[in-house]
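Work through the exercises below with the sequence and the 3D structure beside you. Try each task before reading its solution.

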Amino acid sequence: TDHCKSEASDEAREAAQFIIERNIINGNALTLMCVDANGNDTNAGTSESAPLKTLEAAYAKLETLLGTSGDASTGTIVLVGDYTITSDKRVDLPSHSYPVTITGKTQSVKLTFNPTNMVEASQALAFHGPTTLDNFTFHAASTKKYDYIYACGNKMVIGENMVCTSARSAFPYLVAGDYKTTVANTDLTVLGGRWQSVYATGFKASHTGLAELYIDGTNVTLNSAIRTTYSGTPSGDTEITLKNIAAGTVYLGTYYSGNISGDVTLYLQENVTGTFYTGARRSGNMNGTVTIVADGVDLNDVTLKNAVGSDNTSGKVTKAVICYPDGDSPPVEGFAEIHIDTDTTVNLVSDMEIAKISGGGVVELNGYKLTGEGNYATARKDRKPFLMDRVFNEGGLSNPPTPIFAPEPGPACVMSL
């Protein structure tokens, strides 16, 4: 009203205008719910002075307002005071199709896990819809149990102002999938918080589609490391992108047990450190293809191992590929295929066995340079390579089988070894 315009400060008018534009002009309902441990679930919940008491009540009111809107609207739950979960079992929050943001009035507001008589091995908070968590403190109060956050295959964003604290040395685990239930896809972005480990797919569960994990660690701390899965058997593909993070020791195979049949691609961007194994840590096989893409990382800061963990006495990695988009690289070991973009040089250690080298860059081996593919992989697709039986008397080589092929037309070099 004109009265409000004349009496309100410029800051208040700007804030109100933002809410109006975001929630009304764009077709959204005004969906801000306040939650406080001292509130009451019979309250309206739309103001700090009349907050709801439980998260479940806030979700119920959002469902009434937005239940048929799909992702056209966004619900916001504000923790205006500390909130404690005392359940002795996993807490599954209500399902929703629209995005919900849970935020704190201030960053110091705590959402605490504090079970009174825990009957399960760990305490967990599971989300069943697109969710953003930001600007509050997630506190693990138990000194005996592990704490987990499950995205359950839903899109989840952990904001850069998220804080995690713990009553002991172990911090909460963050899982993009579910505990034992298979999901189609996962989509987890981590921009803040301190986590024990972050899992790109399920914990003891799998996914069948695509699992996506993106971590910008500018405001993230990992106590342990990034994992694909603990003991799941994913058939879907997994893509992990890391930036500005001390990743720890990462196993792209399972951490404990199980076989992965989907492909796993790891993108290493700038300011990443850690040791990366393509295989499983304790037991299990990596049956899909593992691809590591050096996408801005300084490879002197990471250790890449095409191997399983030292405790995995029978596991294997079917195929591993390392890609160098640009820049020179230090030696790498054990990769079956290396792709090198033009103007890139890769140095290979002398005992490597490489099945295929592709791309237009340069490979250095024991002082020799191999430019391009330099082997039968350059053969024309319409003419198969074959072995010719011919006598080759020079150097006492007698009659070795000789590979014969016609290369594809195009730029090439000739070398003599």
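**Exercise 1.** Find where serine 142 lies, and decide whether serine 142 is buried or exposed.

*Solution.* Start with the strands, which are DSSP runs of E with at least two residues, numbered from the N terminus: serine 142 sits in the loop that links strand E9 (137-140) with strand E10 (146-150). Next, take the relative accessible area of serine 142, which is 9%; because buried means under 20% and exposed over 50%, with partly exposed in between (1.4 Å probe, protein chains only), serine 142 counts as buried. Finally, look for contacts, meaning heavy atoms within 4.5 Å: apart from neighbours within four places in sequence, serine 142 touches Phe113, Pro115, Ala167 and Arg168.

This is a predicted model, in which local features need pLDDT of at least 70 and side-chain atom pairs count only at pLDDT 80 or more, while totals for chains, interfaces and linings use all residues. Residues are numbered from 1 along each chain as its sequence is written, and side-chain values use heavy atoms, with hydrogens and water left out.

**Exercise 2.** Determine which strands pair with E18.

*Solution.* Two strands pair if DSSP finds at least two bridges between them. Strand E16 (residues 210-216) runs parallel to E18 (residues 237-243), with 7 bridges, and leucine 210 has aspartate 237 in E18 as its bridge partner. E18 is also joined to strand E20 (residues 264-268) by 5 bridges, again in the parallel sense, where glutamate 239 is partnered by threonine 265 of E20.

**Exercise 3.** State how much of the chain is buried.

*Solution.* Of the 417 residues in the chain, 44% are buried.

Notes. Helices (H or I, at least four residues) and strands (E, at least two) are DSSP runs, numbered from the N terminus.
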